[in-house]
Amino acid sequence: MKIRNLLTAIILAASVALYAGIAEAKDWSKLRVGVEGAYPPFSWMEPDGTLMGFDIDIANAICEQMNAECDLVPQDWDGIIPALLANKYDAIIASMSITEERKKKVSFSDKYYSTPAKFVRKKGSGIEINRDSLAGKTVGVQRATIHENFVNDNYGDIVEIKGYGTQDEAYLDFTAGRVDLLLADSVALEEGFLKTDAGKDAEFVGPDFTDPKWFGDGAGIAIRKSDTDLQKMLNDAIAAIRANGTYKKINDKYFGFDVYGG
């Protein structure tokens, strides 16, 4: 009798657990995606509020591959991970580098692109990327980014670091002469600044920076750690759009090279 009662209890517990698992399974037919909208050419917002850019097109392509409705939610960069953890949206597609520090808070999909960081200086300034030349200079970076961490860790004792809420704000201060250098993603700098009229007097200086210690393993889609099923779906979708030509079509719309990297 005790054995029968024990078996009954085990079966009942298993049934309850199975039912709970089914009840709690999330429906990903609608995917809420956090985006920045202030990081051209990866994302920007038109005057009428329309979101544009590589990240935006990738988000829409991934949703389509998953047969999911895509709800894009603009969010300032400083609060983009806290808003994910607070369930404001389900995933972040905002050129977020996959770093060990961020992995303590969120999980990531596989990368969907990888490009190096670079410094920008004023033409004719003569500034070089070494400690003697950088001493006393002011470097503009977007706050809470891998670029800010890199400058702080490597040159924080000899330069002044100015952080900005958006990359566009950093460009404005650089143009106004309030910072001597910028450090950011090389593609964002080239397409969003150097090729514009505002950046005509600026140029790249120094090497590409790619050390995973600071720059991670490419840009990935951030999700809550509990959403392991969504992580697999996103990885499958990235692989699918890479294989079926959708990724290349989006890539070629914005860039003259494959930003996916090696």
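Residues are numbered from 1 along each chain as its sequence is written, and side-chain values use heavy atoms, with hydrogens and water left out. Because this is a prediction, local features need pLDDT of at least 70 and side-chain atom pairs count only at pLDDT 80 or more, while totals for chains, interfaces and linings use all residues.

Let's start with helix H8, residues 186–194 (helices are DSSP runs of H or I with at least four residues, strands are E runs of at least two, and both are numbered from the N terminus). Seven of the nine residues in H8 are buried, where buried means under 20% relative accessible area, exposed means over 50% and partly exposed is in between, using a 1.4 Å probe and protein chains only. Among them are Val187, Phe193 and Leu194. The buried residues of H8 pack against strands E2, E8, E11 and E12 as well as helix H7.

Next up is serine 109, in strand E7. Serine 109 counts as buried because its relative accessibility is 5%. Its side chain reaches the backbone nitrogen of isoleucine 221 at 2.9 Å. Beyond its neighbours within four places in sequence, serine 109 is in contact (heavy atoms within 4.5 Å) with residues including Ile98, Leu234 and Ile238.

Finally, look at methionine 233 in helix H10. Methionine 233 has a relative accessible area of 30%, so it is partly exposed. Not counting residues up to four places away in sequence, methionine 233 touches Trp28 and Met66. Methionine 66 is 167 residues away along the chain, yet the two C-alpha atoms are separated by 7.2 Å.

Technical notes: Polar contact = N/O pair within 3.5 Å; in protein donor to acceptor, adjacent residues only side chain to side chain.
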